[in-house]
Protein chains: 2
Amino acid sequence: MPSALSRGVANVAERAQLPPSLAISTVIFALRPGHEGCPTLWMPLVRRVREPFRGQWALPGGPLTAAESLEDAARRNLAETTGLAPAYIEQLYAFGGLRRAHRDEVGAQRVVSIVYWALVRADETALAGQTGLAGEQENVAWHPADPAHGGPGTLAFDHREIVDYALWRLRSKIEYAQVAYHLLGEMFTLAQLREVHEAVLGRSLDPANFRRQLKGTPHLEATDHYLEGGRHRPPRLYRYTGPRSL
Amino acid sequence: MPSALSRGVANVAERAQLPPSLAISTVIFALRPGHEGCPTLWMPLVRRVREPFRGQWALPGGPLTAAESLEDAARRNLAETTGLAPAYIEQLYAFGGLRRAHRDEVGAQRVVSIVYWALVRADETALAGQTGLAGEQENVAWHPADPAHGGPGTLAFDHREIVDYALWRLRSKIEYAQVAYHLLGEMFTLAQLREVHEAVLGRSLDPANFRRQLKGTPHLEATDHYLEGGRHRPPRLYRYTGPRSL
DNA sequence: GTAATAGTGTCTATAAGACACTATTGT
DNA sequence: ACAATAGTGTCTTATAGACACTATTAC
């Protein structure tokens, strides 16, 4: 990964004061069937192939190049490492604590990570390996986001804390912002939308009250279509008409 | 400002892909008497002494050195440029849009700014110049934060947008978090606390309802002291017992 | 018909806003 | 006494939660 150029820069800088380098990482959430059957939040992780934390799972990310905005860098990194193009993406936080540098690594450059969080629809969760070879694809895989639902308890660097913070932000934001729609396809039933909220919040919601609260919500449009094929009364399909990304 | 070292790094990097440099800036708010008499939000700004935007007002800030956390860097920059030590500080956002680079500057390095916002008490708003000389202190001065209250409509770089975003965050956060206390001294009356909220929110609040809402608030402790010296019934003094910084 | 989910109506508890009212001080 | 602010009580309105009830489909 470090080119001859960046090595040269580091060598110059190491003698005096090393400027922190900039990286972009992203926490991507998608809703998939969980271990207990009910839908759960999952995220794609990348297995580290070098020290530090070799072999451990880490957030997808990479360096920031000079010619792109921060969000563009996040999207590009996402496409390169996972093949995903999220429907929603938003900046989470800039992490730059000193304990982030692994003390075992000699001359390790300090890294400041600007972390984004993103949502992808369940039907767009196909992962691409870093190469195109099928054998390489084991280095990118989906994991439950929450350790309480079978997710990994520890990740490389401080990525476990970052994921927890992203989970907190998603849970806070779903209560007042139009965020849940980005985990669903173009058309969905109110029951499906409620299941999204239930999965994110981790508790069941009253169908009647949930429906009434959505009545006052903008950008939620009832269509004339109904979801056929169910075993009982077919529910009406709705559509989200607001902006696709904030 | 650019040392021989950082120049050397830039020269190496310019030939191929220039890594973005990292800076920390801070929006500092304090409550001071406004132009119409009522208390208003003010912020300290630094006049630029070099291109680009020479002569214009900008947020205090500076580079991130390798040996400090992001928040420590913000505090150190604040002390160096303004002499202030805020009671509350929190990360706002990382700004890295490409339009931030001024096109007039040849070979300008792209700067990603991690911006913090902070609150200082009115009794701690004495500014220090960058040198100790009285003549130099004109390059740091307080300005109303909101253009609607006499603040500067344009600032250097994209700093006007950044200040507006910080104002939005402060106004949002004062409604659900314990931040207003950090604009006041150790002891204060409920009327003073209400004036803080009114100044930040830009509208008057019902004294009776405001008092009742605070009843359920944690970390607000009634003392046995009263504010003497007023022209009428002396109000009780309260104290904030929560954490000093988040 | 029966099971199961879709969708509606209503009661209650809680909280916010409006505002009348009492209390206590300086002048 | 009077002005002015401190502080209390109460009424109205909006909203969230609980839950009974009706509607429509597959089998």
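**The surface near DNA strand C**

Mentor: Start with the helices. H5 of chain A and helix H5 (207–215) of chain B each supply at least two residues of the surface near DNA strand C. Helices (H or I, at least four residues) and strands (E, at least two) are DSSP runs, numbered from the N terminus. This is a predicted model, where local features need pLDDT of at least 70 and side-chain atom pairs count only at pLDDT 80 or more, while totals for chains, interfaces and linings use all residues. Residues are numbered from 1 along each chain as its sequence is written, chains are lettered from A and ligands numbered from 1 in the order in which they are written, and side-chain values use heavy atoms, with hydrogens and water left out.

Now the residues. There are 19 around DNA strand C, and A:His232, B:Ala208, B:Asn209, B:Arg231 and B:Arg233 come nearest. A residue is near a strand if one of its heavy atoms lies within 4 Å of it. By class, this surface has 5 nonpolar, 5 polar and 9 charged residues. Ala, Val, Leu, Ile, Met, Phe, Trp, Tyr, Cys and Pro count as nonpolar; Asp, Glu, Lys and Arg count as charged; the others, Gly among them, count as polar.

Turn to the DNA side. Of the atoms of DNA strand C within 4 Å of the protein, 60% belong to sugar or phosphate. The rest belong to bases.

Next, look at single atom pairs. A polar contact is a pair of N or O atoms within 3.5 Å; within protein, one must be able to donate a hydrogen and the other to accept it, and residues adjacent in sequence count only if both atoms are side-chain atoms. B:Asn209 has a polar side-chain atom 2.9 Å from a base nitrogen of DNA strand C. For B:Arg231, a polar backbone atom is 2.7 Å from a sugar or linking oxygen.

Finally, see what H5 of chain A packs against. Its partner is helix H4 (residues 190–201) of chain A, at an angle of about 100° and with the axes 11 Å apart. Axes are lines fitted to C-alpha atoms, for helices over the stretch in contact, and angles run from 0 to 180 degrees between N-to-C directions. H4(A) and H5(A) are therefore roughly perpendicular (65 to 115 degrees; under 35 is roughly parallel, over 145 roughly antiparallel, the rest oblique). From H5(A), the contact (heavy atoms within 4.5 Å) uses A:Pro207, A:Phe210, A:Arg211 and A:Leu214. H4(A) brings A:Leu190, A:Leu193, A:Arg194 and A:His197. By class, that contact has 5 nonpolar, 1 polar and 2 charged residues.
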